Amino acid sequence: TQSKPGLDQLALDLKKLIAFCPVTDDLLQDSTAMGNFLMNNMNSAVQWKINDAIINGNGSTQPQGILTSNAIVSVAKENSQAADTIVAGNLAKLYRAMLSHSGNLIFIANPDTLDQIMTLTLGDKPVWHGDFSQTPGGTLLGRPLILSDACATTGDVGDIILADMAGYYAIT
């Protein structure tokens, strides 16, 4: 049967992100590698700031962050769970809460969670599989795991995020 495609409008407002590093002409002239050094480090700083805004952005002067959006679903810790720990049940509940979005899910976690994640099992199956040469963070419950310092530390809201990034739009 015939149908008409539905079209929606989406407005994306660009925000400027500027990196500033004062350096003298003498320093730039004395070291031929200084320009490359500054460019690489500025690039890393900008990339970190963008990642932090994607996770924690306020939606006003920054992009709307995952943790500040109205789409967040939080999973409470288990009753007998010690503070600042991760148990497989937390991850299972997080995954269950996102089943309707299962196509493009990724985990984003603070690197300080990795030592606990690497040792977790559901039944006798490990929840984490790693091949750092292929996927730097490995996979968690079969989904890519991205490690980011922009996530909260272990035990705080946002230490491990399961997100469907297909719903997140960004332009550069």
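At 0% relative accessibility, T113 counts as buried, and this residue is found in the loop between strand 1 and helix 4. In this predicted model, T113 touches I86, T154, D159 and I160, leaving aside residues up to four places away in sequence. The confidence of the prediction over the protein chain is given by a mean pLDDT of 87, with 97% of the residues reaching 70 or more. Among the elements of the chain, the lowest mean pLDDT, 77, belongs to helix 1, which covers residues 25-30, whereas the highest, 94, belongs to strand 3, formed by residues 125-126.

The nonpolar interior was examined next. In soluble globular proteins, nonpolar side chains tend to be buried together. The largest nonpolar core of this model has 17 residues, and the members with the most contacts inside this core are L91, F107, I117, L140, L145, I160 and L162. At least two residues of the core are supplied by each of helix 3 (88-97), strand 1 (105-109), helix 4 (114-117) and strand 7 (160-164). A second, separate core consists of 9 residues, including I66, I106, A150 and I161.

The surroundings of F107, one of the residues with the most contacts inside the largest core, were then listed.

Charged pairs were considered separately. Side chains of opposite charge can pair when their charged atoms come close. A search of the whole structure finds 1 salt bridge, which E78 forms with K93, with the closest N and O atoms 3.0 Å apart. The pair links distant parts of the chain, since E78 is in the loop between helix 2 and helix 3 while K93 is in helix 3, at a separation of 15 residues. Both partners are partly exposed, E78 having a relative accessible area of 23% and K93 having a relative accessibility of 31%.

On the surface, a nonpolar patch is formed by L10, L12, L14, Y169 and I171, which together have about 540 Å² of accessible area. One of these residues, L12, is found in the segment before helix 1 and is partly exposed, with a relative accessible area of 38%. The segment before helix 1 also contains D8, which is exposed, with a relative accessible area of 78%.

Separations between selected residues were also computed. D8 and D115 are 107 residues apart in sequence, and their C-alpha atoms are 44 Å apart in space. For D156 and K4, which are 152 residues apart along the chain, the C-alpha atoms are separated by 46 Å. D156 has its place in the loop between strand 6 and strand 7 and is partly exposed, with a relative accessible area of 40%. L99 and P63, at 36 residues apart in sequence, have a C-alpha to C-alpha separation of 26 Å. L99 is found in the loop between helix 3 and strand 1, and this residue is partly exposed, with a relative accessible area of 48%.

Key:
Residues are numbered from 1 along each chain as its sequence is written. This is a predicted model: local features need pLDDT of at least 70, side-chain atom pairs count only at pLDDT 80 or more; totals for chains, interfaces and linings use all residues. Side-chain values use heavy atoms; hydrogens and water are left out. pLDDT is the predictor's confidence in each residue, from 0 to 100. Helices (H or I, at least four residues) and strands (E, at least two) are DSSP runs, numbered from the N terminus. Patches are made of residues with over 30% relative accessible area and no salt bridge: like charges are joined within 9 Å, nonpolar side chains (Val, Leu, Ile, Met, Phe, Trp, Tyr) within 5 Å. Accessible areas come from the Shrake-Rupley method with a 1.4 Å probe; for residues, only the protein chains shown count as cover. A salt bridge is a side-chain nitrogen of Lys or Arg within 4 Å of a carboxyl oxygen of Asp or Glu. Buried means under 20% relative accessible area, exposed over 50%, partly exposed in between (1.4 Å probe, protein chains only). A nonpolar core is a set of buried Ala, Val, Leu, Ile, Met, Phe, Trp, Tyr and Cys residues joined through side-chain atoms within 4.5 Å. Contact means heavy atoms within 4.5 Å.
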